[in-house]
Amino acid sequence: RASGTASEPWKPLVFKMPKTKKPRVAAPGDEMQQYTLDMRERLKGLKLTEEKDAGQERAVSETKVDDLIAKEADDAKINSLYTMWFIDKTRDKVKQDTEHPDFGVMRERYNERMRRLDGDYF
């Protein structure tokens with residue numbers, strides 16, 4: 001436990017560095033995982049804006065158009081990265097449920113098979 005001294009009455013702060021996640025590796029034959037990895041790399045390497053010279057004269061409307069285009073391109077890039085994250089999250093959940101099912105997943109499977117045996121397909 002950290003405590004202060006007379007000359008330094010505040011408690012020293014301890015900062016923990018965040019741990020970096022291991023990079024995702026696509027399983028052999030998993031095309032969707034490889035697709036999301038490839039798309040992430042392409043999106044991260046994408047240059048969205050062209051640098052304009054500060055001394056170059058432009059009309060106000062041209063500046064507004066450039067700002068709108070840059071904003072929409074940035075939003076599209078963020079949405080694409082979020083989509084890749086969501087695809088991976090969904091696939092991870094399916095994989096987890098398949099390999100290490102919890103009680104809820106087993107109950108769901110049991111109820112599904114019982115409905116099939118009873119003839120209630122819908």
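1. Arg-24, Arg-40, Asp-88 and Asp-92 are joined to one another in a network of salt bridges, a salt bridge being a side-chain nitrogen of Lys or Arg within 4 Å of a carboxyl oxygen of Asp or Glu. Over the whole structure, a search finds nine salt bridges.

2. The model is a predicted one, in which local features need pLDDT of at least 70 and side-chain atom pairs count only at pLDDT 80 or more, whereas totals for chains, interfaces and linings use all residues. Residues are numbered from 1 along each chain as its sequence is written, and side-chain values use heavy atoms, with hydrogens and water left out.

3. Asp-30 and Arg-91 meet through their side chains in a salt bridge, at 2.6 Å from N to O. This pair links distant parts of the chain, since Asp-30 belongs to the segment before helix 1 (31-44) while Arg-91 sits in helix 2, 61 residues apart; helices here are DSSP runs of H or I with at least four residues, numbered from the N terminus. Arg-91 has a relative accessible area of 34% and is therefore partly exposed, the classes being buried under 20%, exposed over 50% and partly exposed in between, with a 1.4 Å probe and protein chains only.

4. In helix 3 (residues 103-118), Glu-112 and Arg-115 are three residues apart, about one turn of the helix, and they form a salt bridge whose closest N and O atoms are 2.3 Å apart. Glu-112 counts as partly exposed because its relative accessibility is 29%, and Arg-115 is likewise partly exposed, with a relative accessible area of 39%.

5. Glu-112 also forms a salt bridge with Arg-116, where the closest N and O atoms are 3.4 Å apart. These two residues both lie in helix 3, four residues apart, which is again about one turn of the helix. At 51% relative accessibility, Arg-116 counts as exposed.

6. Tyr-82, Trp-85 and Phe-86 make a nonpolar surface patch of about 350 Å². Patches are made of residues with over 30% relative accessible area and no salt bridge, like charges being joined within 9 Å and nonpolar side chains (Val, Leu, Ile, Met, Phe, Trp, Tyr) within 5 Å; the areas come from the Shrake-Rupley method with a 1.4 Å probe, and for residues only the protein chains shown count as cover. Phe-86 is placed in helix 2 (residues 60-99), and its relative accessibility of 43% is why Phe-86 counts as partly exposed.
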